[in-house]
Amino acid sequence: MEFGLSSDQQMLKDSIDRYLADHAGLTKARGFATSSSSRDDGLRRALAELGVCGLIIDEAHGGVGLRLLDAALVAESLGHYIAPAPFVANSVMAPLALMRAGSDAQKQNWLPRIAAGEVVVGAAVAESAAGAREGAGLRVQGQSITGKALFALDAPADAYLIAGANGTLYLVAAKAKGLAARPLSTIDKTRPVMELTFHGTPVEALPGSIGTDMLDRVLDAGRVMLAADTLGAASNMLDQAVAYANEREQFGRKIGSFQAVKHLCAEMAAALEPCRSMVWYAGFALDALPEEAHLSACHTKAHLAEVGKFVAKTATEVHGGMGFTDLLGLHYWFKRIGFNRQMLGSPERLREAAARAQSLIA
Amino acid sequence: MDLSYGPEYQALRTEVRAFIDKHKDQAPRAGLRDTQTLAWQRLLIESGYAARTIPKEYGGYGANPDILESRIIAEEFASARVSSGLGGQGISMLVPTLLELGTEAQKKYFIPPTLRGEMVWCQGYSEPGAGSDLASLRTKAELDGDEWVVNGQKIWTSTAQFADWIFCLVRTEPNAPKHQGISFLLFSMKTPGIEVRPLVTMTGDATFNEVFFTDVRVPKHQIVGKRGEGWFVANSILRHERGSLGDPNATLSRYNALVELMKKETVDGCRLIDDPLLRDRLMRIQGRVMAMRANDLRLLSSKLNNTQAPLASMIVKLEGTELRHDLEGLAIDVLGELGVLYGDTPYLKDGGSWQYQYMFFLGLIIGGGTSQIQKNIISERGLGMPKEPKIASAKGG
């Protein structure tokens with residue numbers, strides 16, 4: 001019985017944290033948000049060298065061959081340092097789909113290049129994960145596809161993972177005929193998203209996804225990564241709130257000595273600390289507990305969305321007026337958490353999925 | 001990550017199951033000291049399922065401490081819904097404290113009958129003027145020859161009306177700083193000068209009592225630790241108590257009962273579980289239960305591997321009791337008007353346990369260190385935030 005991180009996992013997390021502490025964080029996020037570029041290739045290549053892009057890709061295809069729990073630890077670090085880098089689609093959802101459902105040719109074509117950081121693969125599966133809005137949805141006719149998909153993650157990318165209404169997964173190159181992409185501006189400037197429109201665009205199915213639950217498994221993996229990202233971002237906000245309250249003085253004393261302030265911090269810690277174990281459990285379930293993985297992913301994403309929202313608001317309040325300013329930059333974490341909450345299923349939707357998974361819906 | 005207990009533990013699980021199957025008809029349903037309860041307790045100790053790790057010379061079973069063995073035994077009795085033996089403040093709090101800090105004579109005299117359920121204890125701790133600020137307690141004990149003479153009042157004393165003995169905090173050094181002037185005494189509740197008055201709570205039960213001491217004479221040697229060290233002894237007990245409040249496995253079993261209730265009960269002919277609003281609230285609770293269970297796994301693992309997870313442990317009382325109170329409250333809400341039924345009445349569901357537990361857990365949110373005190377502990381000890389500055393005494397000393 002061991003419920004915790006192995007020394008290898010701790011080393012992985014420490015090494016990613018060390019790199020991100022120097023090369024990500026507020027200055028980096030702010031620079032990326034205000035630049036005209038929608039990609040930070042320098043950061044991405046550096047992360048590729050650290051193994052982040054090929055983290056779960058098997059060694060035969062140039063990856064590191066780690067598991068989804070390991071990926072969740074990296075996601076937590078990326079959220080902690082609000083890193084403007086592709087991850088959830090490029091490092092997890094697309095490689096997972098390719099490895100489990102891709103043909104040999106598809107694997108050979110994409111996996112080594114993803115692992116090396118030569119290409120980015122996004123995922124435009126919002127409609128499958130959270131329902132279709134604004135007339136979005138894809139119609140598949142033979143080998144071509146028409147329609148639109150909103151909120152493509154890790155965009156702009158060189159290719160996208162998309163899903164047909166029947167759950168079949170496809171990979172489509174960004175340059176494919178009839179595919180147009182336009183950016184959607186969101187609160188979160190660290191992770192751009194795009195809308196994709198398809199007009200008779202040729203697509204290639206991942207053969208192993210036809211008639212299987214592969215789409216759900218890919219979505220669940222993405223959900224756990226977003227939950228882990230929120231865990232990291234919220235932990236950082238709590239750290240910042242505590243540090244600020246221990247330094248800022250009013251009425252002749254540190255504001256952290258007022259119970260009105262310190263109790264807010266205690267409430268954040270009390271809500272957040274079990275989330276760490278919950279994310280570990282969900283990551284481990286994806287790897288090793290198939291019968292629990294879906295339920296655990298839905299609940300973990302939903303619960304982290306609720307706790308994340310509470311921490312984002314409360315940590316901002318502890319900072320007083322400064323928390324509201326761009327100068328302090330706390331809002332980058334606030335917005336990252338807000339973004340994660342809606343992507344790949346809002347908490348209400350995921351709790352409904354959890355109920356369905358337990359046959360609690362007639 | 002490895003959530004299996006390992007093959008060496010499977011044999012124990014099988015053995016516990018066989019024991020429960022064979023003997024469950026002898027298990028008591030409730031009660032503190034009827035003959036069936038005492039016989040069951042004796043059987044459990046002999047079989048190694050109660051007092052398992054207490055040394056044989058003090059009346060226990062004498063097994064080496066093994067967290068997973070204890071866990072497996074607890075899991076099996078819980079899932080079979082069979083009594084796992086007596087609890088209470090004597091067994092869960094005083095015995096561990098005596099093992100740690102008692103004299104050899106105290107261990108030999110007090111622990112065996114306590115384990116067998118023949119010596120029932122109550123805890124003399126809080127006072128009307130010393131609740132969250134327990135260290136300001138004023139019940140005093142003065143040495144007169146070979147006896148302490150105790151005068152004062154305690155409150156919130158559970159089971160005082162049945163108890164044979166009390167472990168009690170008293171002020172013995174009135175001139176010392178408040179934390180250093182307290183001693184920890186043990187004395188019989190039959191000692192002349194003790195009056196017990198029941199204190200009826202919002203649940204309708206006399207869960208607690210007030211206890212009054214007038215010139216109660218206690219032999220000098222019935223002290224645990226030295227004079228003035230009672231606060232240290234008391235804190236060693238509090239560590240044992242806090243860990244047991246808000247147990248996520250008990251919460252899970254109540255959650256399962258709530259799901260059954262919502263599947264069974266209907267409104268306008270529709271099952272409650274089919275109402276999307278109620279179902280969403282249920283799922284929110286389930287998410288919180290899952291988070292606390294994962295936290296509990298982490299704590300179990302850190303105990304096994306001697307690693308530290310202080311914050312994960314500090315938040316259990318606060319989060320666990322609040323969660324349980326919310327869970328019981330949801331059951332009342334899903335029952336609507338039926339939720340307010342209480343006592344002997346038609347249409348009562350599950351014996352009125354939802355209302356009872358809802359109220360009882362409000363008591364636990366307050367007792368054992370209020371949620372506000374927990375937040376002080378979490379912020380000051382867990383997060384390293386500054387203490388409230390001391391206010392100079394208005395009375396001027």
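Me: Of the 397 residues of chain B, what percentage count as buried?

Reply: Happy to start there, with the reminder that this is a predicted model. A residue is buried if 20 or more other C-beta atoms lie within 10 Å of its own. By that count, 36% of the 397 residues of chain B are buried.

Me: How many helices and strands does chain B have, and why can it be called as compact as a globular protein of that length?

Reply: Chain B has twelve helices and ten strands. Its radius of gyration is 23 Å, close to the 21 Å from the globule rule for 397 residues, so chain B is as compact as a globular protein of that length. The C-alpha trace of chain B spans about 75 × 55 × 45 Å along its principal axes.

Me: Let me try one helix. Where does α5 of chain B bend, and which of its residues are buried?

Reply: First, the general idea: an α-helix has 3.6 residues a turn, so residues three or four places apart point the same way. Now the case here. Helix α5(B) covers residues 104-116, and its 13 residues reach 19 Å from first C-alpha to last, close to the expected 18 Å. The helix bends by about 30° at B:F110, with a proline, B:P112, following within four residues. The buried residues in α5(B) are B:F110, B:I111, B:T114 and B:L115.

Me: What do those buried residues of α5(B) pack against, and what phi does B:G117 take?

Reply: Their packing partners in chain B are α2 (35-47), α4 (88-101) and β1 (121-124). Just after the helix, B:G117 has a positive phi of about 85°.

Me: Now for a sheet in chain A. What is the order of the four strands in the open sheet, and which are the edge strands?

Reply: The order is β1-β4-β5-β8 in chain A, with mixed pairing. The edges are β1 (121-124) and β8 (204-205), each of which pairs on one side only. Helix α5 of chain A (residues 88-101) packs on this sheet, where it touches β1, β4 (159-163) and β5; its direction makes about 85° with that of β1(A).

Me: How many bridges join β5(A) to β4(A) and to β8(A)?

Reply: Five bridges join β4(A) to β5(A), and the two strands run antiparallel. In that pairing, A:L161 has A:L171 as its bridge partner. Between β5 (169-173) and β8 of chain A there are two bridges, again antiparallel, and A:Y170 stands opposite A:A205. As for burial, four of the five residues of β5(A) are buried. The hairpin of β4(A) and β5(A) has five residues between the strands, and A:G167 takes a positive phi near 95° there.

Methods: Residues are numbered from 1 along each chain as its sequence is written. Chains are lettered from A and ligands numbered from 1 in the order in which they are written. This is a predicted model: local features need pLDDT of at least 70, side-chain atom pairs count only at pLDDT 80 or more; totals for chains, interfaces and linings use all residues. Two strands pair if DSSP finds at least two bridges between them. Two residues are in contact if their C-beta atoms, placed from the backbone, lie within 7 Å. Axes are lines fitted to C-alpha atoms, for helices over the stretch in contact, and angles run from 0 to 180 degrees between N-to-C directions. The radius of gyration is taken over C-alpha atoms; the globule rule is 2.2 Å times the number of residues to the power 0.38. A residue is buried if 20 or more other C-beta atoms lie within 10 Å of its own, exposed if 12 or fewer, and partly exposed in between; C-beta atoms are placed from the backbone. The expected span of a helix is 1.5 Å times one less than its number of residues. The bend at a residue is the angle between axes fitted to the seven residues ending there and the seven starting there.
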